[in-house]
Amino acid sequence: MASKLAVEPVALTDLAKGLQRVDRFADVLAALQRGESGAVDGAWGSACALVAAALMGPCSGKLIVVLPRTGDLDEFSDDLSSFSGHPPLIFPAWESPFQEQNVSDVVWGARLRVLKALANPKAPKVVVTSIQALLQPVPSQRELAERTRPLRVGDELDLDAFLGWLVDHGFERVTGIERPGEFSLHGGILDLFPPDAADPLRIEFFGDEIESIRVFDVETQRTVQTLERAELTLVAPPVPLSRLGDAAGRPDGDGGPPGASGSQPAPGGHFLDSLPRGSWIILTEPFELREEGRQYLSRLDDSRGFFSVAATLERCTKWPTVTVAGINADSFETACHLPIEAVDRMTGPRSEVLHELAACVDCDERVLLACHNEAERQRLSELLKETDPAFAERVTLCLGHVSRGFRIVAERLVVL
C-alpha cells in the first residue's frame, strides 16, 4: 500500500493501523527497529499525534514524544490517546524553576511518577514531554531505588521511626490529609499521601504488623484499590546550582554564561539516561524545539544546573530517533512524506460550522468527525441530517479528540 493510509475508517484508531502500512513509513519503522533514525514530514495538524500512535505498538521500550511548547502537552496527549486508544504519561516542566522544593509540589510529583514508570513495563508505553522539561535535571534511577521504601502486608514496622522518617523527608502531620506530602495517624490507622500518587494510602496495623494497605479517595473516603504491596519514594528534586551558591562549585561541561544556549551540567541526572532498552524518541518540529529551548534558558536568571539544548539533543541521538514535522529539512536518514494537508479550525455555532464544513469538503471526499461524547455524537448526527442529508452520508461520527484537523489527500478523507 504505497499511498493509502486506511480503508473506510470508522474510528480514529483505524488511521494509525493504516499508517503503518504506507511504504515509506514502513521503511522509517524498519530503520528504527534496526536502531537507526528516520524523518517524517507532512505531519500537519494533529497528524503528528497520529504518527506517534502508529509507532507506539512496534516500539519495544518507551516511546518519548518531545514537543517544543509545554502548553501543547495536554492537547497533544488527548489527540494521541484518541489515535492509539491508550492515554500517555505526561512529563511536565516547572515554569519557575523548582520553586516549591518540597514533597507537596504537584509538578515534582508528576515528574517523579513518570520517572518511576520508566522502569515499569506495565506502565503506559508513551511519555509526552517538552524540551523545557528535558533541560531540567532529575534524580537517577539508582537514587530513586535507594530512596524507595517498600511496604508489604504482613511486615512489621517501627511506626515511631517510620513517622520520623516521613517528617525528616518533608511530610507534614495533619488531622486529615488532603494533598501530597501529608500524613495523619488515628489509632492503628495511618493515612499518608505519597508525592507521586494520584490517591493516598490507608495503612492499618495490628500491633507493629501491617494488616492491610488500601488506596482511597480523599473526598469520599471510599476504598479505590486493595494492595498487598506499596512503594514510597521520598527524594527531593535536584537543586539548581544557583541555589547552592559558589560553594557548590562550577563543574566543567557544555557550559556558557547564564542565559546562554549552553549551561553548566546539572547536579542531577538527565531524564533520557533513565530510558529502558528498546526506547525510541520522537522530536516534533526540530527547529522549533531548538529555538524554544534556547529561549527558555535565556529567560532564566541563572541557567547553571540545567542541561543545554545541544547536550539534550545529543543524548537523543543515543537512541533511535525520528523527527516529525510539517516541513522537514533535507535528511540523509530514512524519510517518509505523508500525503497530508492542514485544515483550518472551525468555530462558531454547530449549525454554522456544519455548513462551513460542507462547503470546504470536495464532493468526492469523506469526513471522519471526532465527538467528545455519545451525546454530542447523537446531536451532530441529527444536525447533519437536518442540514444536508446528502452530505451526512459522507460523514462518519466517532468518539475521540482531534485538536487540529487534517486532510489525508490519497484517501480523500478529512479528519476533524
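User: Which residues lie nearest the centre of the largest pocket?

Analyst: Arg-113, Lys-116, Asn-120, Asp-196 and Ala-197 do, among 27 lining residues. A pocket is an open set of 1 Å grid points over the protein atoms alone where a 1.4 Å probe fits, with protein on both sides within 12 Å along at least five of seven lines; lining residues have an atom within 4 Å of a point. The model is predicted: local features need pLDDT of at least 70, side-chain atom pairs pLDDT 80 or more, and totals for chains, interfaces and linings use all residues. Residues are numbered from 1 along each chain as its sequence is written, and side-chain values use heavy atoms, without hydrogens and water.

User: Which element gives the most to this lining?

Analyst: Strand β12, with four residues; α5 (106-117), α7 (141-146) and β11 (223-227) also give two or more. Helices (H or I, at least four residues) and strands (E, at least two) are DSSP runs.

User: Which residues touch the most other members of the largest nonpolar core?

Analyst: Nonpolar side chains tend to be buried together in soluble globular proteins. A core joins buried Ala, Val, Leu, Ile, Met, Phe, Trp, Tyr and Cys residues through side-chain atoms within 4.5 Å, buried being under 20% relative accessible area with a 1.4 Å probe, protein chains only. Here Leu-15 and Leu-55 touch the most, in a core of 46 residues. Helix α3 (residues 47-56) supplies its largest share, 10 residues. Another core, of 35 residues, lies apart and includes Trp-108 and Phe-271.

User: How do strands β17 and β20 run?

Analyst: Strands β17 (residues 366-371) and β20 (residues 413-415) run parallel, joined by three bridges; Val-367 has Val-414 of β20 as its bridge partner.

Key: Two strands pair if DSSP finds at least two bridges between them. Buried means under 20% relative accessible area, exposed over 50%, partly exposed in between (1.4 Å probe, protein chains only).
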